[in-house]
Amino acid sequence: MYPVVGRILYIYYYMKLVYTGKTKNVFALDNGHYLLKFKDDCTGKDGVFDPGENSIGLTIEGVGDVNLRMSIYFFEKLNAAGIRTHYVSANLKDTTMEVLPAKVFGHGLEVICRHKAVGSFIKRYGEYIEPGTDLPAYVEMTFKNDAKGDPLVTKDGLIVLGIMTDEQYDAIKEMTQRITKVVADDLKAKGLVLYDIKFEFGYDSDGKVMLIDEIASGNMRVYKDGEYIDPMTLSKLFFA
């Protein structure tokens, strides 16, 4: 679409920057699609990575590249399986991904699928459940709102607030569990255990739900032999 020489300069100086995110920037393309530029920033606290945190806690050189590589792998696999995503293509040279336009729910919604009780789940419900307890692909949704700590929201709440329909909620839940199984099965084949994973969904002009954002090591908690695997190590193990 653009000449290879000077493509990165083209992105930064000529494309329209429409959103600056924590881990990627979004540019508008001439064809109506968007371009995601992956960064090396990670969510966390006090220099320690944590996919459940609301702010950037550290920068890991090369994490943008490995996050894009993993996203390409899973998006292509999901598209082939008939699961709707916003993925169109990617360019590893400049760490970018072209995606279809999609509207976010409300001001942004995160969808978490949990196979094990860890992180914020234990912070909330630790008096009722032991850390590491198996969960049945438990799905929860939170508003993307740093100031309020990404508050949880129920299905009824999302419908009452006019953020999504009953059908859209059910579609997101079903897609989340299907996608999580795909990811978990691939990790299991490599001796890795998925504890939880975070997704984002949007919808097209017809209201149909699609997976957006990324599927990367920075958005999941994965363990091997009971030990937590950091994002960079996870990516190396995954593509080994």
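What follows is a chat about the labels and the values behind them.

Mentor: First, this is a predicted model, where local features need pLDDT of at least 70, side-chain atom pairs count only at pLDDT 80 or more, and totals for chains, interfaces and linings use all residues. Residues are numbered from 1 along each chain as its sequence is written, and side-chain values use heavy atoms, with hydrogens and water left out.

Trainee: How do you know that the span of helix 2 agrees with its 18 residues?

Mentor: Helices are DSSP runs of H or I with at least four residues, strands are runs of E with at least two, and both are numbered from the N terminus. The expected span is 1.5 Å times one less than the number of residues. For helix 2 (residues 63–80) that should be 26 Å, and the end C-alpha atoms are 26 Å apart, so the two agree.

Trainee: Which residues of helix 2 are buried?

Mentor: Among them are V63, L68, F74 and L78. Buried means under 20% relative accessible area, exposed means over 50%, and partly exposed is in between (1.4 Å probe, protein chains only). Just after helix 2, G82 has a positive phi of about 85 degrees.

Trainee: Why is T96 called buried?

Mentor: Its relative accessible area is 1%, so T96 is buried. T96 lies in strand 8 (residues 96–99).

Trainee: What makes F105 and Y203 a tilted pair?

Mentor: Rings of Phe, Tyr and Trp (its six-membered ring) pair if their centres lie within 6.5 Å; planes under 30 degrees apart are stacked, over 60 edge-to-face, and the rest tilted. A search of the whole structure finds 12 aromatic pairs. In one of them, F105 and Y203 are 4.9 Å apart centre to centre with 45 degrees between the planes, which makes the pair tilted. This pair links distant parts of the chain, 98 residues apart. F105 counts as buried because its relative accessibility is 1%, while Y203, at 22%, counts as partly exposed.

Trainee: Why is the pair of F238 and F239 called edge-to-face?

Mentor: The planes of F238 and F239 are 85 degrees apart, and the centres 5.0 Å. F238 is buried at 3% relative accessibility, whereas F239, at 41%, is partly exposed. Together with Y73 and F74, F238 and F239 form one aromatic cluster.

Trainee: What makes K24 sit over the ring of F38?

Mentor: A charge sits over a ring if NZ of Lys or CZ of Arg is within 6 Å of the ring centre and within 35 degrees of the ring normal. The charged end of K24 is 5.3 Å from the centre of the F38 ring.
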